[in-house]
Amino acid sequence: MEIKFEKQNPTLGHLSVVLEKDDYMPAVEQKIKEYSKTAVIKGFRKGKVPASLIKKLYGKSILAEEVYRKAVQSMYDYIREQQLPMVGEPLPKEDADLSLDLDNPGTFTFDYEVGLHTEINYKDVVNKDTQLDAYKVEATDKDIEEVIENLRKQFAQTEHPESSQEGDFLYGKIESIVEEGSEIEPIVMDNTALPLNQVKEEARAQFVGLKKGDEITFKPDVLADDKMAGYLLGIFEEGRVEQYKDVEFRFTITDIVRQVPAELNEELFKKALPNRDDIKDEAAFRAAIKEEIEKIYEKNTNDLLADSIAETLLEKIKIDLPHDFLKRWLKANNESLSEEQIEQEYPRFEEFLRWSLIKQAIAKDENIEISEEEIFEEAKARLQRMFEQQGLPLHMMNIDLDAITRRYLMDGEGKNYREVRDEVMQRKLIERIKDKISLNVKTISTDEYKALVDEINAKQEEKAKKLAEKAAQSAE
């Protein structure tokens with residue numbers, strides 16, 4: 001066997017694999033023997049089919065399969081051993097001319113194009129001369145109060161008062177008042193709910209002071225919007241509420257429900273923060289809520305910094321790529337995509353590829369590795385956050401989180417595992433980069449953070465617009 005590699009330019013190479021009969025015939029003969037042991041052919045017992053018959057029936061296909069397998073395996077072994085900076089996958093230059101004759105095995109030559117990337121000199125950027133802004137969000141008294149008020153409503157006590165007031169829920173029967181013979185289909189809902197905060201402010205007075213058994217008539221236009229009207233009337237087809245805009249409805253009250261915000265006491269503290277047994281008074285509760293708010297924003301600001309690092313490295317690290325080759329490779333692997341679609345998607349693909357190459361280079365040089373234990377713990381933490389966000393306190397539930405985590409990592413045909421693995425690797429990589437650059441840490445409020453995110457999103461939209469324009473120009 002002979003393998004030759006010739007670099008045609010910095011981003012494209014030609015690789016040739018020449019196979020002699022001694023390179024592939026032992027595997028072909030072995031495969032014929034295996035077929036003879038397992039083949040089921042009429043007139044022969046299983047395992048007793050002569051090798052000569054297998055050779056006659058399947059010889060050419062076995063030969064083609066083994067020759068191609070050996071060529072591809074040898075090609076990838078060479079690329080790995082020579083550490084060629086490959087991008088995409090090698091593309092055959094043309095179909096090999098295979099003279100498939102088992103009696104006279106010959107020499108086969110396979111030619112491939114190999115896409116390459118240029119050297120990644122990230123150390124010119126990942127150093128203390130690179131300065132980036134990082135942010136720490138500090139929760140204000142207003143933020144804390146908003147969260148506490150929401151928690152008090154979430155864990156509110158339910159009462160059934162004698163008469164209604166703003167903020168109550170009215171339950172009862174609603175029916176349309178239409179003349180006999182009207183083309184409008186009558187509506188009757190025996191048990192529906194009307195939240196008074198979904199009634200327009202100027203119309204709420206007529207809904208206050210009502211008691212069980214009272215009747216009230218109104219038109220749908222007193223409600224906040226068509227969506228609420230559809231919910232109340234049981235109409236979910238788009239546009240159908242409009243048919244009832246001038247129809248009066250009679251609402252007969254069967255119950256009044258009032259949500260009374262929970263008191264600020266230990267019962268609320270335990271419900272809101274079930275994993276904290278140390279909170280005994282309002283001051284400690286407010287401090288804990290402040291911590292929780294800032295913890296959420298810490299993840300968000302870390303994500304912002306990661307995006308900023310990626311953007312900076314992509315902007316300043318030069319990597320030459322074989323663009324025409326990569327477009328052909330994308331087409332070969334996605335035959336359903338048109339040339340125009342590939343041109344449109346290529347700028348985003350190129351950015352993704354360049355960022356992947358930068359991360360791989362840094363991870364390799366910095367010996368950044370991740371363990372199965374780290375992947376498992378990250379997946380477990382992800383599931384725990386999901387349960388908590390759904391209001392499911394794990395300490396009160398008979399849940400084997402370790403078993404659920406193992407199933408989660410095995411589900412999705414490996415997709416969940418890969419996502420968690422990549423997340424762990426990216427986090428460790430970003431942490432390493434943060435240690436090597438200079439960070440200007442700024443403390444900001446939640447309002448300032450939201451304004452910052454709006455500004456970043458506007459820039460991202462402008463960037464996406466430019467990428468689309470670039471793709472459109474390439475497609476012309």
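**Strand S2**

I began with strand S2, residues 12-19, in this predicted model, and found the strand mostly covered, with 8 of its 8 residues buried.

**Neighbours of S2**

Next I looked up which strands are joined to S2. Strand S1, residues 2-9, runs antiparallel to S2 and is joined to it by 7 bridges, and I noted Lys-7 standing opposite Gly-13 of S2. Between S1 and S2 there are 2 residues, and the two strands form a hairpin.

I also followed S2 to strand S4, residues 108-115, where I found 8 bridges, again with the strands running antiparallel.

**Arg-354**

I then turned to helix H8, residues 339-365, in which Arg-354 is found. What is the nearest side chain of opposite charge to Arg-354, which is buried? I found that it is Glu-350, 4.8 Å away, and that Arg-354 has no salt bridge; the cut-off for a salt bridge is within 4 Å, from a side-chain nitrogen of Lys or Arg to a carboxyl oxygen of Asp or Glu.

Last, I set aside the neighbours within four places in sequence and asked which residues Arg-354 is in contact with. My entry for Arg-354 lists Leu-314, Ile-317, Ile-319 and Leu-321.

Terms used: Residues numbered from 1 in each chain as written. Predicted model: local features only at pLDDT ≥ 70, side-chain atom pairs only at ≥ 80, totals over all residues. Heavy atoms only, no water. Buried < 20%, exposed > 50% of the residue type's maximum accessible area, 1.4 Å probe, protein only. Helix = DSSP H or I, 4+ residues; strand = E, 2+ residues; numbered from the N terminus. Pairing = 2+ DSSP bridges. Lys, Arg positive; Asp, Glu negative; His and termini not counted. Contact = heavy atoms within 4.5 Å.
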